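Me: I'm new to this one and would like to learn my way around. Can we look at it together?

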Amino acid sequence: MQEERFLIVGGGIAGLTLALALEKKGFASLVMERNKGSLSAGAGIQLSPNASRILKSLGLGNPLLKYVSRPDSTKFRNWRSGKIIHKSDLGDKAETNYGAPYWQVHRADLTHVLLEATRQKSLIEFLPDCEVLKIHSKDSGTLVETSLGEEKGVGLIGADGIRSTVRNEMFRNKEQARFTGNVAWRCLVPADRLSEVFREPVTSVWWGPKKHFVHYPVRQGALINCVCVAEKDAWTEESWTKSGDKKALNRAFASWHPNIKELIQEAHEEELYEWGLFDRPAMNTWFKGRTTLIGDACHPMLPFLAQGAAMAIEDAFILAEMIAKQTHGLEKTFEIFFHERIKRVSKVQNASRRNATVFHLSGISTLVRNIIAPTQGQRISDYLYKFNAIDKYSDKPMII
Ligand SMILES: Cc1cc2nc3c(=O)[nH]c(=O)nc-3n(C[C@H](O)[C@H](O)[C@H](O)COP(=O)(O)OP(=O)(O)OC[C@H]3O[C@@H](n4cnc5c(N)ncnc54)[C@H](O)[C@@H]3O)c2cc1C
């Protein structure tokens with residue numbers, strides 16, 4: 001059993017990115033993932049420039065190129081007429097403006113690329129089918145009990161997602177999830193079953209009363225990723241893998257634009273998922289001794305700003321940089337990491353929450369929304385995408 005390595009719980013986007021970022025700094029890690037390895041569930045993930053620049057810096061730019069789609073713009077449309085309310089440029093303009101590309105990718109493709117990269121690194125060990133069950137902290141390190149036995153490390157990072165075991169074990173954080181009254185259906189529709197209009201490299205966001213619909217290409221345009229959100233009174237389970245009811249989806253969007261009806265019509269029922277959207281208050285702390293959390297484990301967010309994966313990637317990169325520069329011990333580093341991140345992730349969580357209201361407005365208030373949307377949108381995009389974790393945290397001594 002090795003002690004001079006970090007224990008990472010969860011081999012999702014945050015955990016694998018962290019292992020790669022630590023390896024780049026010369027640190028060994030053990031990634032424990034409860035799934036058997038086929039991390040294929042899920043649909044589209046947006047990788048905005050704040051995230052893609054980090055993935056590129058970790059050497060993943062080329063391997064990702066064969067999977068990603070690169071939209072030219074995001075078009076916000078009226079739910080019934082299809083009229084463009086506001087258009088925000090992506091593509092070359094975003095790359096010039098923000099210094100990194102805007103990509104969209106199937107979640108399975110992203111985790112595949114991350115996993116392949118970790119397999120090539122001798123300092124990273126990936127243990128599939130390994131569920132972390134209990135955590136025992138010690139002054140000198142951490143010990144975890146897993147479904148496969150015990151593991152020891154110098155420090156422990158919980159990257160184990162929305163239902164984090166590490167969070168529950170270490171922080172006794174009582175689950176305070178609140179159903180937002182929104183349900184999201186997710187599906188991937190093969191582009192060759194759809195009309196020509198869906199070949200456009202564009203992200204489309206349709207705003208309607210109490211509902212919105214987002215679709216964009218992934219797998220270089222072969223699939224169209226759809227996220228269809230509707231307000232609903234009845235509680236719906238929070239699960240990435242619960243099957244969706246196509247009849248209910250049809251009913252919810254029955255009076256919408258023909259493009260939306262075409263997408264729903266062509267969606268395979270067996271590939272349709274339904275996901276209750278839950279909100280959680282920000283945590284007061286997520287560091288304790290030699291343990292910290294990253295990604296959805298400490299700041300899960302509603303999907304209305306498409307920043308869940310991006311924030312997890314930022315966390316992973318910044319934490320590795322801080323560990324590499326630490327001079328005051330790991331405990332202090334984890335504390336500083338929390339204070340460094342809490343402001344930005346809380347701001348993004350709040351902005352995502354606000355979008356739930358803004359997207360679903362009806363009546364006269366939509367007139368105001370539509371007028372301010374371009375300025376507001378630009379301000380949020382600049383805040384999110386200009387953030388350059390590499391410039392901010394690499395090769396600079398850590399100021400305490
Ligand atoms: C199955 C699935 C499908 C998703 N689909 C989408 C989608 O379609 N669109 C979207 O925008 N976002 C999706 N997400 C969420 C998105 O991936 C995350 O918001 C984001 O990337 C943050 O990543 P994370 O690594 O913090 O958490 P996650 O991506 O949730 O990764 C956490 C990992 O930890 C593992 N894990 C959990 N508990 C334990 C334990 N006790 N021991 C060992 N391993 C453990 C999980 O199996 C998982 O692999 C999905 C997440 C999951 C898990």
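**Strands and helices**

Me: Over how many bridges do strand β1 and strand β11 pair?
Reply: Strand β1 (residues 6-9) and strand β11 (residues 155-158) run in the parallel sense; strands here are DSSP E runs of at least two residues, helices H or I runs of at least four, both numbered from the N terminus, and pairing takes at least two DSSP bridges. By the way, this is a predicted model, where local features need pLDDT of at least 70 and side-chain atom pairs pLDDT 80 or more, while totals for chains, interfaces and linings use all residues. Residues are numbered from 1 along each chain as its sequence is written. For β1 and β11, the bridge count is four.

Me: And which residue in β11 is the bridge partner of Phe-6?
Reply: Look across to β11, the parallel partner of β1. The bridge partner of Phe-6 there is Gly-155.

Me: Which strands stand at the edges of the six-stranded sheet?
Reply: It's an open sheet with mixed pairing, in the order β7-β2-β1-β11-β18-β17. An edge strand has a single partner, so one of its sides is left without a neighbour in the sheet. That picks out β7 (124-127) and β17 (287-288).

Me: At about what angle does α1 run to β2?
Reply: Helix α1 (residues 13-24) lies across β1, β2 (29-32), β7 and β11. Angles run from 0 to 180 degrees between N-to-C directions, with axes fitted to C-alpha atoms (for helices, over the stretch in contact). Relative to β2, α1 runs at about 170°.

Me: Are α1 and α9 roughly parallel or oblique to each other?
Reply: Their axes come within 8 Å, and α1 crosses α9 (residues 308-325) at roughly 30°. Leu-18 and Leu-22 are among the α1 residues that meet α9, where Ile-313 and Phe-317 are among the partners (contact puts C-beta atoms, placed from the backbone, within 7 Å). Under 35 degrees counts as roughly parallel, over 145 as roughly antiparallel, 65 to 115 as roughly perpendicular and the rest as oblique. So α1 and α9 are roughly parallel.

Me: What about α2 and α9: parallel or oblique?
Reply: Helix α2 (residues 49-57) comes within 9 Å of α9, axis to axis, and the two cross at roughly 45°. Ile-54 and Leu-55 are among the α2 residues that meet α9. The pair is therefore oblique.

Me: Which residue in the turn of the β4 and β5 hairpin has a positive phi?
Reply: β4 (residues 73-78) and β5 (residues 84-89) pair in the antiparallel sense over five bridges, one of them joining Arg-77 to Ile-84. Five residues lie between the two strands. The one with a phi of about 85° is Gly-82.

Key: Contact = placed C-beta atoms within 7 Å.
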